[in-house]
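Please keep the sequence and the structure in view while reading.

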Amino acid sequence: MHPRAIISGPLAAQVLAAARAIAAELAAIEPSDASLRGSSGVWLLFHELGAAAPAVPRATARRWEDAAIAALPTLDASFFDGMLGCAWLLALCGRAPAELAEVDAAVLDALGEPWQGGLGAFGGGLAGFGAYGLARLSARGAGARAGARAGARAGARAGAQIVRRCAARFAELAHREGRAAWWTPGAASLPAAVRDRPPLLANREGTAAAVAFLAAAAAIARPAQGSPLRSSLALARCGARALVQELARETPDRLGVATARGAPGLVHGSGTWALGGAGAVAALLAVARATGDLADTARCARMLADVEPDLCAVSDASLGTGTAGIACVLQAAAEAAREPTLARAAEHWHRRTLRCRRPGEGIGGYLHRDELADAAGGGGRWAPRPGLLEGAAGTALSLLCAARGARASPWLARCLIA
């Protein structure tokens with residue numbers, strides 16, 4: 001067990017076995033989508049499993065990589081369901097430097113004008129561009145041959161430019177009142193079901209997405225990288241105040257359904273990472289990591305932990321709108337704050353993820369529903385889904401987080417927290 005993990009013994013072995021079972025079945029399928037909804041999500045899972053991953057032919061892993069590279073010029077500029085997620089994963093793995101240099105140029109061009117799109121890491125939102133920039137800024141290359149090291153340095157320089165521009169765009173879009181700041185996405189970037197009242201807390205679009213990115217940018221910023229990064233932590237803290245104020249206004253029986261206030265038909269997943277309170281806590285955790293001050297994060301995480309699970313209105317085990325995302329956020333908060341109450345809440349949600357499993361069905365025993373499509377009137381049917389946010393790869397990564405600890409699972413900080 002990782003020394004910071006909160007789950008041990010038979011339960012840790014059970015969740016790791018479930019993650020491996022999902023991975024084994026994912027390796028045998030050929031997703032038609034190369035984004036993080038498809039083969040890139042599978043590749044990320046195997047990358048994080050490492051030595052614990054089921055054995056796959058080298059050609060299979062190469063096929064996942066080739067699909068991600070081929071998707072760069074063909075998919076839309078979106079993170080979870082487009083080419084930005086593919087590029088993000090290639091950057092984290094230190095692959096395709098020439099192709100990523102072309103992505104860098106296109107991203108910088110897109111960020112050169114005032115931002116008109118969404119904010120979150122969905123549908124081409126600004127946070128997705130920022131997540132890619134952060135990956136490039138941390139580009140691997142140490143110990144590699146001279147040419148690869150030079151490529152990594154060029155990637156890091158491009159990443160710094162991307163992060164600076166994203167920070168500047170978030171600063172331009174911020175609404176300020178006193179010491180608080182918040183971000184409201186344009187209605188066109190939201191599902192139809194929530195356009196009447198853009199949700200402040202949702203990590204899908206809005207304040208939580210902005211706060212998480214700005215805090216992550218500040219955590220790796222150096223003074224030489226420019227004023228947008230030097231000031232990003234101050235702006236992230238202003239956004240965190242707005243999140244804390246909004247959470248404080250919610251009673252425990254309302255926190256889980258905060259998003260549903262503006263969309264009465266939206267019930268599924270409304271206390272989760274993508275659509276509700278867990279996304280806000282994840283953003284506060286990013287600020288806590290940058291500042292070292294856990295007080296607000298721990299207090300709001302306890303509020304989330306106190307919500308009756310049925311009020312969070314989850315029906316599957318996905319990261320975005322299901323049990324897995326809530327479990328990961330509470331686990332990260334529990335490990336950071338070292339609070340037994342949060343640890344017990346995280347364990348409860350991990351156990352709920354296991355109870356969603358039906359051996360012989362779906363992928364590794366899991367069927368998932370696209371809750372966001374359901375909220376927008378798209379029917380959100382149950383189906384075997386391979387992807388990261390709404391599918392089996394994300395569920396397996398959550399179970400891996402339970403077995404090893406949140407801090408031992410870099411994908412969590414890179415994707416959900418930051």
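How many disulfides does a search of the whole structure find? The model discussed here is a predicted one, and the search of the whole structure finds 0 disulfides. C166 has a relative accessible area of 0% and is buried. C300 counts as buried as well, because its relative accessibility is 2% and the cut-off for burial is under 20%.

**Aromatic rings**

A pair of aromatic rings is described by the distance of the centres and the angle of the planes. In the whole structure, the search finds 7 aromatic pairs. One of them joins F79 and F80: the ring centres lie 5.0 Å apart and the planes stand at 90°, so this pair is edge-to-face. The reasoning rests on a cut-off, because planes over 60 degrees apart count as edge-to-face. Both F79 and F80 are buried. These two residues also belong to one aromatic cluster, together with W88 and W273.

A further aromatic pair is formed by F170 and F213, with 5.5 Å from centre to centre and 35° between the planes, and this pair is tilted. Why does the pair tie together separate parts of the chain? F170 lies in helix α7 (residues 146-173) whereas F213 lies in helix α8 (residues 207-220), so the contact links parts that are 43 residues apart in sequence. F170 counts as buried because its relative accessibility is 0%. F213, at 1% relative accessibility, counts as buried too.

**A covered helix**

Helix α6 comprises residues 126-137, which is 12 residues. From its first C-alpha to its last, α6 reaches 17 Å, close to the 16 Å expected at 1.5 Å a residue. Is α6 mostly covered or mostly exposed? The helix is mostly covered, for 12 of its 12 residues are buried. Among the buried residues of α6 are F129, Y132 and R136, and the glycines G128, G130 and G133 are also included.

**Helix packing**

| Helix pair | Axis separation | Crossing angle | Handedness |
|---|---|---|---|
| α12 (residues 277-291) and α13 | within 9 Å | roughly 160° | left-handed |
| α1 (residues 9-27) and α17 (residues 392-404) | 8 Å | about 155° | left-handed |
| α14 (residues 323-337) and α17 | within 9 Å | roughly 30° | left-handed |

The axes of α12 and α13 cross at roughly 160°, which makes α12 roughly antiparallel to α13. Helices α1 and α17 pack at about 155°, and α1 is therefore roughly antiparallel to α17. The term applies because angles over 145 degrees count as roughly antiparallel. The axes of α14 and α17 cross at roughly 30°, and these two helices are therefore roughly parallel to each other.

Helix α13 covers residues 295-306, and L304 is found in it. Is L304 buried or exposed? L304 is buried, with a relative accessible area of 3%. The C-alpha atom of L304 is separated by 9.8 Å from that of T272, a residue 32 positions apart along the chain.

Technical notes: Residues are numbered from 1 along each chain as its sequence is written. This is a predicted model: local features need pLDDT of at least 70, side-chain atom pairs count only at pLDDT 80 or more; totals for chains, interfaces and linings use all residues. Side-chain values use heavy atoms; hydrogens and water are left out. Rings of Phe, Tyr and Trp (its six-membered ring) pair if their centres lie within 6.5 Å; planes under 30 degrees apart count as stacked, over 60 as edge-to-face and the rest as tilted. Buried means under 20% relative accessible area, exposed over 50%, partly exposed in between (1.4 Å probe, protein chains only). Helices (H or I, at least four residues) and strands (E, at least two) are DSSP runs, numbered from the N terminus. A disulfide is a pair of cysteine sulfur atoms within 2.5 Å. The expected span of a helix is 1.5 Å times one less than its number of residues. Axes are lines fitted to C-alpha atoms, for helices over the stretch in contact, and angles run from 0 to 180 degrees between N-to-C directions. Angles under 35 degrees count as roughly parallel, over 145 as roughly antiparallel, 65 to 115 as roughly perpendicular and the rest as oblique. A crossing is left-handed if the near helix is turned anticlockwise from the far one by less than a right angle, and right-handed if clockwise.
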